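Dear colleague,

Please find below the structure that I am handing over to you.

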Amino acid sequence: MSRKYVIAGNWKMNKNPVEATALINELKPLVADASCDVVVGVPFVDLPAALDAVKGTRIGVAAQNCHWEKSGAFTGEVSAEMLKSMGVGYVILGHSERRTYFGDTDVTVQKRVRAALDAGLTVILCVGEYLEQREQGVTGEVVAMQTKIALGGVSEEEMARVIIAYEPVWAIGTGRTATAQQANEVCKLIRETIAGLYNAAVADSAVIQYGGSMNAGNAAELLAQPDVDGGLIGGASLKPADFAVIVKAAE
Ligand code: PGA
(Lines give C-alpha, C1' and ligand atoms only; values in the text may rest on other atoms or scores of the structure.)
Protein backbone atom coordinates (compact mmCIF):
# COMPACT_ATOMS: atom_id res chain seq x y z
CA MET A 1 0.00 0.00 0.00
CA SER A 2 1.74 3.16 -1.14
CA ARG A 3 -0.61 6.10 -1.34
CA LYS A 4 0.71 9.52 -2.13
CA TYR A 5 -0.33 12.39 0.07
CA VAL A 6 -2.23 15.28 -1.46
CA ILE A 7 -2.35 18.64 0.29
CA ALA A 8 -4.88 20.95 -1.32
CA GLY A 9 -5.75 24.51 -0.44
CA ASN A 10 -9.32 25.69 -0.77
CA TRP A 11 -9.12 29.45 -1.00
CA LYS A 12 -12.92 29.79 -1.20
CA MET A 13 -14.01 33.31 -2.23
CA ASN A 14 -10.71 34.96 -1.34
CA LYS A 15 -7.96 36.71 -3.32
CA ASN A 16 -8.19 38.53 -6.64
CA PRO A 17 -5.90 37.56 -9.53
CA VAL A 18 -3.10 39.91 -8.47
CA GLU A 19 -3.25 38.60 -4.92
CA ALA A 20 -3.39 35.02 -6.20
CA THR A 21 -0.16 35.48 -8.13
CA ALA A 22 1.52 36.98 -5.08
CA LEU A 23 0.35 34.17 -2.79
CA ILE A 24 1.53 31.45 -5.17
CA ASN A 25 4.87 33.17 -5.72
CA GLU A 26 5.36 33.24 -1.97
CA LEU A 27 4.36 29.59 -1.67
CA LYS A 28 6.52 28.24 -4.50
CA PRO A 29 9.94 28.24 -2.79
CA LEU A 30 8.41 26.92 0.42
CA VAL A 31 7.03 23.77 -1.23
CA ALA A 32 9.59 23.33 -4.01
CA ASP A 33 10.92 20.09 -2.50
CA ALA A 34 7.57 18.66 -1.48
CA SER A 35 7.28 14.93 -1.98
CA CYS A 36 3.48 15.06 -1.74
CA ASP A 37 1.17 16.57 -4.32
CA VAL A 38 0.33 20.21 -3.66
CA VAL A 39 -2.79 21.83 -5.12
CA VAL A 40 -4.29 25.30 -4.82
CA GLY A 41 -8.06 25.65 -5.23
CA VAL A 42 -8.78 29.16 -6.40
CA PRO A 43 -11.80 31.24 -7.48
CA PHE A 44 -12.66 30.95 -11.18
CA VAL A 45 -11.38 34.43 -11.99
CA ASP A 46 -7.97 33.57 -10.50
CA LEU A 47 -7.46 30.46 -12.63
CA PRO A 48 -5.45 32.10 -15.44
CA ALA A 49 -3.17 33.88 -12.97
CA ALA A 50 -2.75 30.74 -10.87
CA LEU A 51 -1.98 28.55 -13.90
CA ASP A 52 0.60 31.07 -14.99
CA ALA A 53 2.16 31.36 -11.55
CA VAL A 54 2.56 27.59 -11.08
CA LYS A 55 4.29 27.09 -14.44
CA GLY A 56 7.51 25.13 -14.02
CA THR A 57 6.46 23.80 -10.60
CA ARG A 58 4.59 20.65 -9.53
CA ILE A 59 1.81 22.67 -7.90
CA GLY A 60 -1.60 21.76 -9.31
CA VAL A 61 -4.50 24.14 -9.75
CA ALA A 62 -8.10 23.36 -8.81
CA ALA A 63 -11.38 25.08 -9.51
CA GLN A 64 -13.97 25.03 -6.73
CA ASN A 65 -16.95 23.78 -8.72
CA CYS A 66 -18.09 22.92 -12.24
CA HIS A 67 -21.38 22.38 -14.01
CA TRP A 68 -22.43 19.03 -15.45
CA GLU A 69 -23.34 20.22 -18.93
CA LYS A 70 -20.66 21.03 -21.49
CA SER A 71 -22.28 24.35 -22.47
CA GLY A 72 -25.66 25.98 -22.69
CA ALA A 73 -28.14 28.25 -20.92
CA PHE A 74 -26.73 28.04 -17.39
CA THR A 75 -26.05 31.62 -16.42
CA GLY A 76 -23.20 31.99 -13.98
CA GLU A 77 -21.93 28.44 -14.38
CA VAL A 78 -18.62 27.08 -15.69
CA SER A 79 -18.27 23.69 -17.38
CA ALA A 80 -15.69 21.02 -16.69
CA GLU A 81 -14.70 21.21 -20.36
CA MET A 82 -13.94 24.90 -20.01
CA LEU A 83 -11.71 24.23 -17.02
CA LYS A 84 -9.90 21.45 -18.85
CA SER A 85 -9.38 23.64 -21.91
CA MET A 86 -7.50 26.20 -19.77
CA GLY A 87 -5.17 23.60 -18.32
CA VAL A 88 -6.87 23.21 -14.94
CA GLY A 89 -6.13 19.77 -13.45
CA TYR A 90 -8.46 19.49 -10.48
CA VAL A 91 -11.93 20.48 -9.35
CA ILE A 92 -13.32 20.52 -5.81
CA LEU A 93 -16.90 19.17 -5.86
CA GLY A 94 -19.61 18.77 -3.27
CA HIS A 95 -18.08 21.15 -0.76
CA SER A 96 -20.44 21.62 2.18
CA GLU A 97 -20.67 25.35 1.42
CA ARG A 98 -21.97 24.47 -2.07
CA ARG A 99 -24.40 21.98 -0.52
CA THR A 100 -25.54 24.35 2.23
CA TYR A 101 -25.73 27.71 0.44
CA PHE A 102 -26.12 26.84 -3.24
CA GLY A 103 -28.44 23.87 -3.26
CA ASP A 104 -26.01 21.17 -4.30
CA THR A 105 -27.41 17.72 -3.54
CA ASP A 106 -25.93 14.24 -3.65
CA VAL A 107 -27.49 13.88 -7.11
CA THR A 108 -26.11 17.13 -8.55
CA VAL A 109 -22.73 16.30 -7.03
CA GLN A 110 -22.86 12.96 -8.84
CA LYS A 111 -23.58 14.75 -12.12
CA ARG A 112 -20.72 17.18 -11.57
CA VAL A 113 -18.34 14.31 -10.75
CA ARG A 114 -19.38 12.56 -13.96
CA ALA A 115 -18.79 15.67 -16.06
CA ALA A 116 -15.43 16.39 -14.43
CA LEU A 117 -14.15 12.86 -15.01
CA ASP A 118 -15.42 12.89 -18.59
CA ALA A 119 -13.51 16.11 -19.17
CA GLY A 120 -10.31 14.54 -17.83
CA LEU A 121 -10.14 16.42 -14.53
CA THR A 122 -9.17 14.98 -11.16
CA VAL A 123 -11.97 15.39 -8.63
CA ILE A 124 -11.64 16.34 -4.98
CA LEU A 125 -14.99 15.10 -3.72
CA CYS A 126 -16.10 16.50 -0.36
CA VAL A 127 -18.29 14.58 2.04
CA GLY A 128 -19.08 15.17 5.68
CA GLU A 129 -21.76 15.29 8.33
CA TYR A 130 -23.46 18.19 10.12
CA LEU A 131 -23.05 18.48 13.86
CA GLU A 132 -26.62 17.29 14.49
CA GLN A 133 -25.95 14.19 12.42
CA ARG A 134 -22.82 13.40 14.42
CA GLU A 135 -24.74 13.90 17.65
CA GLN A 136 -27.47 11.57 16.42
CA GLY A 137 -24.88 8.93 15.65
CA VAL A 138 -25.49 8.81 11.90
CA THR A 139 -22.10 10.08 10.68
CA GLY A 140 -21.23 6.75 9.14
CA GLU A 141 -24.53 6.44 7.30
CA VAL A 142 -24.42 10.03 6.02
CA VAL A 143 -20.86 9.87 4.78
CA ALA A 144 -21.29 6.43 3.23
CA MET A 145 -24.41 7.60 1.41
CA GLN A 146 -22.78 10.78 0.11
CA THR A 147 -19.81 8.74 -1.08
CA LYS A 148 -21.90 6.05 -2.75
CA ILE A 149 -24.18 8.47 -4.57
CA ALA A 150 -21.36 10.73 -5.75
CA LEU A 151 -19.45 7.74 -7.09
CA GLY A 152 -22.45 6.26 -8.85
CA GLY A 153 -21.31 5.37 -12.36
CA VAL A 154 -17.62 6.04 -11.67
CA SER A 155 -15.51 3.16 -13.00
CA GLU A 156 -12.71 1.41 -11.16
CA GLU A 157 -10.25 2.95 -13.59
CA GLU A 158 -11.64 6.45 -13.05
CA MET A 159 -11.17 6.11 -9.29
CA ALA A 160 -7.49 6.90 -9.88
CA ARG A 161 -8.72 10.48 -10.56
CA VAL A 162 -10.94 10.75 -7.50
CA ILE A 163 -9.67 12.12 -4.20
CA ILE A 164 -12.16 12.13 -1.35
CA ALA A 165 -12.06 14.82 1.31
CA TYR A 166 -13.76 14.00 4.58
CA GLU A 167 -14.86 17.35 5.96
CA PRO A 168 -17.09 17.31 9.03
CA VAL A 169 -19.19 20.43 8.53
CA TRP A 170 -18.89 21.39 12.20
CA ALA A 171 -15.11 21.58 11.82
CA ILE A 172 -15.03 23.83 8.75
CA GLY A 173 -13.87 27.34 9.50
CA THR A 174 -14.78 26.91 13.15
CA GLY A 175 -11.38 26.24 14.64
CA ARG A 176 -12.93 23.07 16.02
CA THR A 177 -10.92 20.26 14.44
CA ALA A 178 -11.99 16.64 14.52
CA THR A 179 -9.68 14.65 16.74
CA ALA A 180 -7.14 12.57 14.88
CA GLN A 181 -9.09 9.52 15.96
CA GLN A 182 -12.42 10.88 14.67
CA ALA A 183 -10.78 11.87 11.37
CA ASN A 184 -9.22 8.47 10.93
CA GLU A 185 -12.39 6.63 11.88
CA VAL A 186 -14.43 8.29 9.13
CA CYS A 187 -11.65 8.20 6.53
CA LYS A 188 -11.39 4.47 7.23
CA LEU A 189 -15.14 4.12 6.83
CA ILE A 190 -14.94 5.88 3.46
CA ARG A 191 -12.19 3.45 2.45
CA GLU A 192 -14.39 0.53 3.47
CA THR A 193 -17.25 2.03 1.47
CA ILE A 194 -14.98 2.20 -1.58
CA ALA A 195 -13.91 -1.41 -0.99
CA GLY A 196 -17.60 -2.37 -1.01
CA LEU A 197 -18.28 -0.46 -4.21
CA TYR A 198 -15.14 -1.64 -6.02
CA ASN A 199 -12.55 -3.87 -4.36
CA ALA A 200 -9.73 -3.82 -1.80
CA ALA A 201 -7.13 -2.67 -4.32
CA VAL A 202 -9.13 0.42 -5.31
CA ALA A 203 -9.79 1.19 -1.64
CA ASP A 204 -6.12 0.77 -0.72
CA SER A 205 -4.97 3.17 -3.40
CA ALA A 206 -7.71 5.79 -2.85
CA VAL A 207 -6.44 9.11 -1.51
CA ILE A 208 -8.67 10.25 1.37
CA GLN A 209 -8.06 13.67 2.86
CA TYR A 210 -9.26 15.25 6.05
CA GLY A 211 -10.47 18.85 6.01
CA GLY A 212 -11.85 21.16 8.67
CA SER A 213 -9.68 23.60 10.60
CA MET A 214 -6.50 21.74 9.70
CA ASN A 215 -3.61 24.05 10.48
CA ALA A 216 0.13 24.22 11.01
CA GLY A 217 -0.29 23.09 14.61
CA ASN A 218 -2.53 20.06 14.20
CA ALA A 219 -1.65 18.79 10.71
CA ALA A 220 1.12 16.42 11.75
CA GLU A 221 -1.09 14.44 14.11
CA LEU A 222 -3.98 14.25 11.65
CA LEU A 223 -1.73 13.27 8.74
CA ALA A 224 -0.03 10.58 10.83
CA GLN A 225 -3.28 8.61 10.93
CA PRO A 226 -3.15 5.50 8.74
CA ASP A 227 -6.27 6.35 6.72
CA VAL A 228 -5.68 10.10 6.35
CA ASP A 229 -3.76 10.72 3.12
CA GLY A 230 -3.72 14.48 3.01
CA GLY A 231 -5.72 17.55 3.73
CA LEU A 232 -8.13 20.02 2.21
CA ILE A 233 -7.22 23.26 3.87
CA GLY A 234 -9.28 26.44 3.91
CA GLY A 235 -8.16 29.25 6.20
CA ALA A 236 -4.58 28.08 6.63
CA SER A 237 -4.09 27.79 2.86
CA LEU A 238 -4.26 31.58 2.60
CA LYS A 239 -1.08 31.83 4.68
CA PRO A 240 1.83 30.44 2.64
CA ALA A 241 4.06 29.78 5.65
CA ASP A 242 1.31 27.83 7.44
CA PHE A 243 0.32 25.95 4.31
CA ALA A 244 3.97 25.00 3.77
CA VAL A 245 4.17 23.60 7.31
CA ILE A 246 1.17 21.39 6.50
CA VAL A 247 2.85 20.27 3.27
CA LYS A 248 5.99 19.40 5.26
CA ALA A 249 3.89 17.48 7.77
CA ALA A 250 2.69 15.25 4.94
CA GLU A 251 6.22 14.07 4.20
P1 PGA B 1 -11.07 25.35 6.94
O2 PGA B 1 -11.85 24.95 5.61
O3 PGA B 1 -9.69 24.73 6.83
O4 PGA B 1 -11.01 26.85 6.93
O5 PGA B 1 -11.83 24.78 8.09
C6 PGA B 1 -11.72 23.68 5.05
C7 PGA B 1 -12.59 23.57 3.83
O8 PGA B 1 -13.67 24.15 3.82
O9 PGA B 1 -12.21 22.91 2.85
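Cysteine 66 is a buried residue, with a relative accessible area of 1%. Please note at the outset that this is a predicted model.

Cysteines

The structure contains zero disulfides. For cysteine 66, the closest cysteine sulfur belongs to cysteine 126 and is 12 Å away, which is too far for a bond, since a disulfide requires two cysteine sulfur atoms within 2.5 Å. Cysteine 187 is likewise in no disulfide, and its nearest cysteine sulfur, again that of cysteine 126, is 12 Å away. Cysteine 187 is buried, with a relative accessible area of 0%.

The ligand and its surroundings

Which residues come nearest to the ligand? Of the 13 residues around it, these are Lys12, His95, Glu167, Gly173 and Ser213.

- Serine 213 places a backbone N or O atom 2.7 Å from a ligand oxygen atom.
- Glycine 235 has a polar backbone atom 2.9 Å from an oxygen atom of the ligand.
- Asparagine 10 has a polar side-chain atom 3.5 Å from an oxygen atom of the ligand.

Taken alone, the ligand exposes 280 Å², and the protein buries 96% of that area.

Arginine 176

Arginine 176 is found in the loop that runs between strand β6 (162-166) and helix α8 (180-197). Arginine 176 and serine 213 are 37 residues apart along the chain, yet their C-alpha atoms are separated by 6.3 Å. Serine 213 is also one of the residues that come nearest to the ligand.

The chain as a whole

The secondary structure of the protein chain comes to 11 helices and eight strands. Its C-alpha trace spans about 45 × 45 × 35 Å along the principal axes. The radius of gyration is 17 Å, which agrees with the value near 18 Å that a compact globule of 251 residues would have. Of the 251 residues in the protein chain, 53% are buried; cysteine 66 and cysteine 187 are among them.

With kind regards

Notes. Residues numbered from 1 in each chain as written. Predicted model: local features only at pLDDT ≥ 70, side-chain atom pairs only at ≥ 80, totals over all residues. Heavy atoms only, no water. Buried < 20%, exposed > 50% of the residue type's maximum accessible area, 1.4 Å probe, protein only. Near = heavy atom within 4 Å. Polar contact = N/O pair within 3.5 Å; in protein donor to acceptor, adjacent residues only side chain to side chain. Areas by Shrake-Rupley, 256 points an atom, 1.4 Å probe, with all protein chains shown as cover. Helix = DSSP H or I, 4+ residues; strand = E, 2+ residues; numbered from the N terminus. Rg over C-alpha atoms; globule rule 2.2 N^0.38 Å.
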